[in-house]
Amino acid sequence: MLSVTTSARLLLRRHRPLPLPARIRNASRTSPGDISILGQKYEIDGTTNITQSIITKLPLRLHNRPAHPLGILRSKIESHFHDFAHLSSVHPVVTPAQNFDLLGFPADHPGRSATDSYYVNKDCMLRTHTSAHEVETFATGQPKWLLTADVYRRDEIDSSHYPVFHQMEGARVFKTDQAAIEEVKADNERLSQYLDQSNIVIEDIPHVSPTNPVQPTHDPAHSELVALNLKLSINSLLLKLFGGGARDAPLQVRWIEAYFPFTSPSFEVEILYQGKWLEILGCGVIQQLTLDNAGGYQCHLLLSARPHDSLGIPDNIGWAFGLGLERIAMILFGIPDIRLFWSTDPRFLSQFSENQITTFKPYSKYPACFKDVSFWIPEAGLHENDFCDLVRDVAGDLAEDVKMVGCR
Ligand code: FA5
Ligand code: MG
């Protein structure tokens with residue numbers, strides 16, 4: 001018997017969009033005015049623009065699967081920052097206050113618009129970045145933490161954009177007394193020595209500048225030390241993830257000035273990959289407003305969470321970063337298309353194992369479709385290649401694999 005794997009093509013037709021609430025199919029509607037998200041009911045209103053295909057992604061939590069590239073990468077970064085608190089099961093529905101206001105986003109910021117974000121209703125939305133959890137996490141009093149989660153943005157469709165992707169937020173805050181500042185200096189010294197011995201080329205920029213300023217409430221010397229600690233911590237992570245590269249092809253990292261409403265100074269980090277600079281994270285010195293809000297939040301809401309021995313959040317200074325897990329995993333595992341992360345195809349999933357970085361082996365992007373063909377063989381015999389020519393004549397390049405699976 002010969003088995004022929006052919007390719008199937010799905011044609012997508014453009015049609016007019018449905019009225020907004022009608023897009024949410026019955027599966028998620030508990031009553032005409034409600035939707036259910038992760039087992040919780042939410043009222044819908046004129047703001048609702050979350051779609052059924054997004055709702056089906058919410059329970060998947062790819063970053064929590066130990067043998068999925070995103071889970072493997074999460075563990076690897078967590079093991080680098082081993083003495084940080086590791087959080088990865090935070091609910092994706094947040095308030096616009098958490099996602100924007102508490103972080104100092106201006107009222108007219110484009111990220112707030114319904115064309116850019118998914119709203120459950122006027123009071124709730126899907127987080128568009130892991131920074132949405134900064135205030136509540138600082139409010140628990142943790143001085144060093146990593147938080148990994150799925151984030152949602154209405155975006156274009158191509159091989160490097162998907163409306164759901166994963167970010168890891170990392171943050172560290174320091175007290176500002178002399179002893180604590182000496183500790184930052186010692187940490188900077190240790191990390192600098194480690195990086196000096198490694199094969200990594202870093203294009204740096206000043207820690208602060210007139211266009212990337214120190215915050216008015218910060219001592220400029222402290223801000224510089226914290227920005228340096230951020231840069232050294234990130235550069236060490238990148239070295240751990242990508243290695244130093246060969247002597248003649250070192251890892252190349254570039255720091256550039258950026259703007260985020262919730263950090264100043266702010267930076268983006270790019271790495272050179274296949275001849276192009278690829279942005280992998282945003283970061284900076286945390287705006288004092290965030291820490292002040294965490295102080296308020298602590299008093300207001302989280303008394304039961306027992307803050308660490310009075311971190312005194314408003315008097316601290318710290319850094320935060322938010323990195324895109326898919327962007328890094330695409331490089332590390334050689335995964336060419338962001339959509340592959342969502343594949344349930346065993347040809348994708350079986351390629352990865354816990355704690356191991358392996359290079360992705362491409363396979364047909366079409367699902368396998370088996371055709372078993374049985375026929376009588378002529379007395380003189382039939383060479384497999386004769387049959388292959390026959391298949392080629394009929395199916396052309398759509399037939400990707402022809403195998404003899406039995407002969408009687
Ligand atoms: C942010 O989301 C900020 N919250 C990052 C931050 C955190 C800044 C803490 C300062 C302090 P940005 O939108 O640039 O920033 O996204 C951060 C990273 O997420 C990007 O560098 C990129 O790696 C990844 N990313 C952004 N958009 C996409 C997308 N559509 N698909 C895949 N990855 C993306
Ligand atoms: Mg960016």
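Guide: Welcome! Helices (H or I, at least four residues) and strands (E, at least two) are DSSP runs, numbered from the N terminus. Asn355 sits in the loop between helix H9 (346-349) and strand E16 (370-373). Residues are numbered from 1 along each chain as its sequence is written, while chains are lettered from A and ligands numbered from 1 in the order in which they are written. This is a predicted model, in which local features need pLDDT of at least 70, side-chain atom pairs count only at pLDDT 80 or more, and totals for chains, interfaces and linings use all residues; side-chain values use heavy atoms, leaving out hydrogens and water.

Visitor: Why is Asn355 called exposed?

Guide: Buried means under 20% relative accessible area, exposed over 50%, and partly exposed in between (1.4 Å probe, protein chains only). Asn355 has 62% relative accessibility, so it counts as exposed. Asn355 also has a positive phi of about 65°, although it is not a glycine.

Visitor: Which residues coordinate the magnesium ion (ligand 2)?

Guide: Glu268 (OE) and Glu279 (OE) do, at 2.4 to 2.6 Å. Glu268 comes from strand E13 (residues 263-273) and Glu279 from strand E14 (residues 276-286), 11 residues apart.

Visitor: How do you know that the span of helix H10 is close to the expected one?

Guide: The expected span is 1.5 Å times one less than the number of residues. Helix H10 (residues 384-395) has 12 residues and reaches 16 Å from first C-alpha to last, close to the 16 Å expected.

Visitor: What puts the buried residues of H10 on the same side?

Guide: Phe387, Cys388 and Val391 are the buried ones. They cover an arc of only 105° around the axis, so they share one side of H10; the arc is that of the directions from the helix axis to the C-beta atoms.

Visitor: Where does pLDDT stay under 50?

Guide: pLDDT is the predictor's confidence in each residue, from 0 to 100. The mean for the protein is 86, but residues 302-312 stay under 50. Where pLDDT is low, the predicted coordinates should not be read in detail.

Methods:
Contact means heavy atoms within 4.5 Å. Donors are N, O and S atoms within 2.8 Å of the metal (3.2 Å for Na, K and Ca); water is not among the atoms, so sites may look incomplete.
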